[in-house]
Amino acid sequence: MQFVVISMAAAAIQLYLSPHAFTFGRYFFNALMALLAAYLVSSFCDFWQVAQSARPGFIGVGAFGTALV
């Protein structure tokens with residue numbers, strides 16, 4: 001659940017900073033890609049046994065970085 005909220009926020013922030021128009025279709029696509037990236041980063045954090053306190057930071061950076069594409 002934590003990476004869903006972080007992904008939605010990352011997609012919204014990225015679109016706000018983007019020069020493109022803020023449309024629902026663009027937000028939906030960016031949110032979907034950010035959600036996938038957040039899930040993958042969360043899985044890697046589980047695999048690498050990253051501390052629970054550091055995971056939201058990694059997930060946020062991964063989601064925001066993917067939303068830039």
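How many salt bridges does the structure hold? This is a predicted model, and the count is 1 salt bridge. The partners are aspartate 46 and arginine 55, whose side chains meet at 2.3 Å, N to O. Are these two residues buried or exposed? Aspartate 46 counts as partly exposed because its relative accessible area is 46%. Arginine 55, on the other hand, has a relative accessible area of 11%, so it is buried.

**The overall picture**

Let's step back to the whole chain. The protein has 3 helices and 0 strands, and from the N terminus on its elements run α-α-α. Its radius of gyration is 12 Å, close to the 11 Å that the globule rule gives for 69 residues, so the protein is as compact as a globular protein of that length. The C-alpha trace spans about 40 × 20 × 15 Å along its principal axes. Of the 69 residues, 30% count as buried. If you look at contacts with a separation of 6 or more, residues 24 or more positions apart account for 59% of them.

**Helix α1**

Helix α1 takes in residues 2–17. At 1.5 Å a residue, its 16 residues should span 22 Å, and the end C-alpha atoms are 23 Å apart, which agrees. Which residues of α1 are buried? They are Ser7, Ala10, Ala11, Gln14 and Leu15. Seen down the axis of α1, the buried residues fall within an arc of 125 degrees, so they line one face of the helix. Turn to the face pointing away from that buried side and you'll find the exposed residues Val5, Tyr16 and Leu17.

**Aromatic pairs**

| Pair | Centre to centre | Angle between planes | Type |
|---|---|---|---|
| Phenylalanine 22 and tyrosine 27 | 6.0 Å | 20 degrees | stacked |
| Phenylalanine 44 and tryptophan 48 | 5.2 Å | 15 degrees | stacked |

Where do phenylalanine 44 and tryptophan 48 lie? Both sit in helix α2 (residues 24–48), 4 residues apart, about one turn of the helix. An α-helix has 3.6 residues a turn, so residues three or four places apart point the same way. As for accessibility, phenylalanine 44 comes out at 45%, so it counts as partly exposed. Tryptophan 48 is exposed because its relative accessible area is 58%, and the cut-off for exposed is over 50%.

Key:
Residues numbered from 1 in each chain as written. Predicted model: local features only at pLDDT ≥ 70, side-chain atom pairs only at ≥ 80, totals over all residues. Heavy atoms only, no water. Phe/Tyr/Trp six-rings, centres within 6.5 Å; stacked < 30°, edge-to-face > 60°. Helix = DSSP H or I, 4+ residues; strand = E, 2+ residues; numbered from the N terminus. Buried < 20%, exposed > 50% of the residue type's maximum accessible area, 1.4 Å probe, protein only. Salt bridge = Lys/Arg side-chain N within 4 Å of Asp/Glu carboxyl O. Expected span 1.5 Å × (residues − 1). Arc of directions from axis to C-beta. Rg over C-alpha atoms; globule rule 2.2 N^0.38 Å. Contact = heavy atoms within 4.5 Å.
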